[in-house]
Amino acid sequence: MTDVKLADVSGPYFGQYGGRYVPEALIAALDELDTEFRKAADDPAFVAELRRLHREYTGRPSPLTEVPRFAEHAGGGSGAVRVFLKREDLNHTGSHKINNVLGQALLVKRMGKKRLIAETGAGQHGVATATAAALMDLECVVYMGEEDTRRQALNVARMRLLGAEVVPVKIGSRTLKDAINEALRDWVANVETTHYLLGTVTGPHPFPEMVRQFHRIIGEEAREQLQERIGRLPDVVAACVGGGSNALGIFNAFLDDKDVELRGFEAGGEGIESGRHAARFSGGALGVLHGAKSYLLQDDDGQTLPSHSVSAGLDYPSVGPAHSWLHDLGRATYEPVTDDEAMEAFRLLCRTEGIIPAIESAHALAGALRVGQAAAAEGRTGPDGEPLVLLVNLSGRGDKDVATAARWFGLLDDGAAAEELERQEGRG
Amino acid sequence: MTTTTEQHGAPRTASATATLIDRLREQENRPALVGYLPVGYPTVDRSVEALKTLVDHGVDIIELGIPYTDPVLDGPVIQAAAQGALDAGARVHDVFRVVRELTDHAPHVPVLVMTYWNPVLKYGPDAFARDLAAAGGAGLITPDLIPDEGADWLAAAEAHGLDRVFLVAPSSTPERLRLTVRASRGFVYAASLMGVTGERGQVGSRAEQLVTDTRAAGADRVCVGLGVSSGAQAAEVGRFADGVIVGSALVRPLLSDEPLTDEQWAARLTDLTEVTEDLAAGVRSARATAPAGATVVPGEAP
């Protein structure tokens with residue numbers, strides 16, 4: 001393994017993490033998927049078709065946008081920091097999720113399966129999966145925690161418009177974790193005809209590696225775009241980390257550039273001390289959930305603890321095994337961002353740049369503010385006294401979060417508007 | 001890869017589970033009845049009463065579940081009981097006390113603990129094996145641990161003389177059947193169908209083929225689970241399997257959204273007795289005739 005670049009490490013293990021902690025019934029399907037994935041990766045026709053879809057359907061490459069007015073707040077107004085956003089929010093369906101979904105959906109066509117199942121938290125992965133299913137004429141069932149169907153009612157409607165069946169999951173904590181449990185149960189029963197289109201870099205091998213491969217384009221594009229724009233690499237790359245697919249996607253292109261600092265921001269919820277958070281690297285320990293060994297929020301008995309975040313997409317008690325590996329290697333650092341900090345960064349980007357981010361991505365923005373402010377305080381700069389360059393993965397757009405933000409900031413002074421929002425959220 | 005006891009070799013400690021299954025096959029010409037209940041549902045004490053009801057009415061081997069927050073191989077009935085047990089405060093260490101009470105009550109009944117992997121990982125596989133062995137437990141059934149990931153568990157089980165029951169499924173390849181058979185001790189758990197636990201109108205038609213294939217892969221004992229809920233189904237499966245594993249059908253009579261009075265609980269145990277006796281009769285009628293000299297324990301179900 002010593003000669004393998006960090007960016008190319010393959011499963012089933014990332015250090016001591018990863019593996020396949022799943023029922024035997026799924027092993028044959030995982031082996032088939034692994035084989036097909038490797039064959040496809042070497043097949044020019046597959047690579048070309050995915051590239052075509054990225055270009056003509058998703059709208060890749062996604063732009064790289066410098067945000068100077070936002071950056072003023074990240075550098076104490078001194079101009080000592082430049083912030084660039086990788087605009088995955090501008091992808092078709094509104095987030096980075098489509099990269100992985102199109103890749104897996106093409107694999108499904110190759111394998112001849114006709115039915116897709118997926119889990120979703122914020123709804124972005126569910127929407128992307130429903131979209132690919134419509135595009136490629138596949139049946140689609142999306143499992144979503146009942147709590148999340150309320151938080152993200154618009155995405156539920158969006159998935160149904162696209163022809164998917166959305167199944168609210170009413171057991172356990174009724175969030176993403178329970179949606180994955182239900183999807184796994186469906187998969188065990190229907191594995192011979194069904195593909196589980198897992199939406200992040202966790203789960204049993206080959207998912208963590210495969211999903212990383214489908215998202216590595218994020219970092220590769222950003223690296224090239226930044227080189228073109230400023231002629232050098234960023235000093236810091238920031239991303240939010242739920243399961244960790246957008247973060248790994250952008251980190252991956254810089255893993256072997258040891259001068260580039262990689263910073264992941266988890267959901268700190270109401271604060272670590274409150275116990276209501278999803279900060280696996282602050283409050284978690286080695287464990288197994290949903291097929292992978294990784295950091296996990298759990299109690300003394302190994303029971304999974306409920307996570308909490310204002311953003312459904314980060315509300316997950318475990319994290320992709322590659323992140324645990326990078327954490328232990330010290331190659332990336334992970335720290336929590338509270339709901340309050342994320343929402344302040346959310347508002348700041350809206351007001352300074354006219355970009356409404358997903359609340360998930362707002363955690364990365366809050367992290368960037370923290371990094372920039374700390375650098376300014378320490379007098380830290382880029383090489384040769386140049387401004388410090390922060391690259392932030394803006395993994396999704398905030399249309400789905402307007403209702404949450406409106407309530408958070410008390411923007412609903414009109415009774416009718418409030419009623420409409422309540423109705424959209426399924427609470428009316 | 002961890003060294004494991006060869007299925008056909010001479011294990012350091014004989015498996016009580018294997019010995020029992022062999023005895024039932026040779027002396028009574030019948031399969032074993034393996035009955036599942038979770039620890040701590042509706043309370044730890046009542047779960048002990050329910051488990052004793054099973055062994056008093058014809059269950060040969062106990063599969064004792066540890067309630068877990070994310071039971072991905074369980075259907076709605078066992079999920080509900082697991083959640084109920086956790087809500088009532090069931091802890092992992094309760095399993096050792098319950099194993100001890102059961103083995104004191106019925107020393108001839110092997111008690112296998114069925115658990116998802118994370119609670120054991122958290123406890124420490126070796127410490128778990130040590131404490132389970134000390135309590136008189138026979139071993140573990142691990143629905144989400146495949147032998148490929150089981151090096152720590154195999155070493156711990158070997159060190160403490162415990163059974164390790166791994167699962168095979170209709171989708172298992174011959175190569176994986178051989179791997180799983182080699183790693184298993186006690187018996188191999190054959191999932192009758194592709195799916196999660198629960199009662200079903202019919203037992204999967206692929207069960208018999210899977211048992212045949214698993215034997216061809218070297219297994220001496222293959223028990224069948226998933227979907228068996230009646231005496232008739234137990235008899236059908238018992239024609240070809242060395243054991244019939246029943247879970248949801250035994251849990252269902254105990255399920256209740258409300259706390260039960262002593263009287264109501266007693267009635268539930270009566271219901272559980274009926275289901276158990278039906279299943280016990282099923283395994284005893286599975287094969288046409290008993291060999292000469294078969295011993296029938298008086299007082300047990302016909």
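Modeller: First, a term: a crossing is right-handed if the near helix is turned clockwise from the far one by less than a right angle, and left-handed if anticlockwise. Bear in mind that this is a predicted model.

Biologist: Which hand does the crossing of H6(B) and H7(B) have?

Modeller: H6 spans residues 125–134 of chain B, and H7 spans residues 151–160 of chain B. Their axes come within 9 Å. H6(B) passes H7(B) in a crossing that is right-handed.

Biologist: Are H6(B) and H7(B) roughly parallel or roughly antiparallel?

Modeller: The two axes cross at roughly 30°. Angles under 35 degrees count as roughly parallel. Therefore H6(B) and H7(B) are roughly parallel.

Biologist: How many residues of the contact of H6(B) with H7(B) are nonpolar?

Modeller: H6(B) brings B:Pro125, B:Asp126, B:Ala129, B:Arg130 and B:Ala133. H7(B) brings B:Asp152, B:Trp153, B:Ala156, B:Ala157, B:Ala159 and B:His160. Of these, 3 are charged, 1 is polar, and the nonpolar ones number 7.

Biologist: Is B:Ala133 buried or partly exposed?

Modeller: B:Ala133 lies in helix H6 of chain B. Beyond its sequence neighbours within four places, B:Ala133 contacts B:His160, B:Gly161 and B:Leu162. Buried needs 20 or more other C-beta atoms within 10 Å. B:Ala133 has 19, so it is partly exposed.

Biologist: Is A:Lys97 buried or exposed?

Modeller: UniProt, in an unreviewed entry, places the feature "modified residue: N6-(pyridoxal phosphate)lysine" at A:Lys97. A:Lys97 sits in helix H4 (residues 97–111) of chain A. Leaving aside neighbours within four places in sequence, its contacts are A:Gln124, A:His125, A:Ala128 and A:Gly199. Because A:Lys97 has 31 C-beta neighbours inside 10 Å, it counts as buried.

Biologist: Which element supplies the largest share of the side of chain B that touches chain A?

Modeller: In all, 33 residues of chain B are in contact with 27 residues of chain A. H3, H5, E6 and H8 of chain B each supply at least two residues of that side of chain B. The side of chain B divides into 18 nonpolar, 8 polar and 7 charged residues. The largest share, 6 residues, comes from H5(B).

Terms used: Residues are numbered from 1 along each chain as its sequence is written. Chains are lettered from A and ligands numbered from 1 in the order in which they are written. This is a predicted model: local features need pLDDT of at least 70, side-chain atom pairs count only at pLDDT 80 or more; totals for chains, interfaces and linings use all residues. Axes are lines fitted to C-alpha atoms, for helices over the stretch in contact, and angles run from 0 to 180 degrees between N-to-C directions. Helices (H or I, at least four residues) and strands (E, at least two) are DSSP runs, numbered from the N terminus. Angles under 35 degrees count as roughly parallel, over 145 as roughly antiparallel, 65 to 115 as roughly perpendicular and the rest as oblique. Two residues are in contact if their C-beta atoms, placed from the backbone, lie within 7 Å. Ala, Val, Leu, Ile, Met, Phe, Trp, Tyr, Cys and Pro count as nonpolar, Asp, Glu, Lys and Arg as charged, and the others, Gly among them, as polar. UniProt positions are given in the numbering used here, feature names are shortened, and annotations may be inferred rather than shown by experiment. A residue is buried if 20 or more other C-beta atoms lie within 10 Å of its own, exposed if 12 or fewer, and partly exposed in between; C-beta atoms are placed from the backbone.
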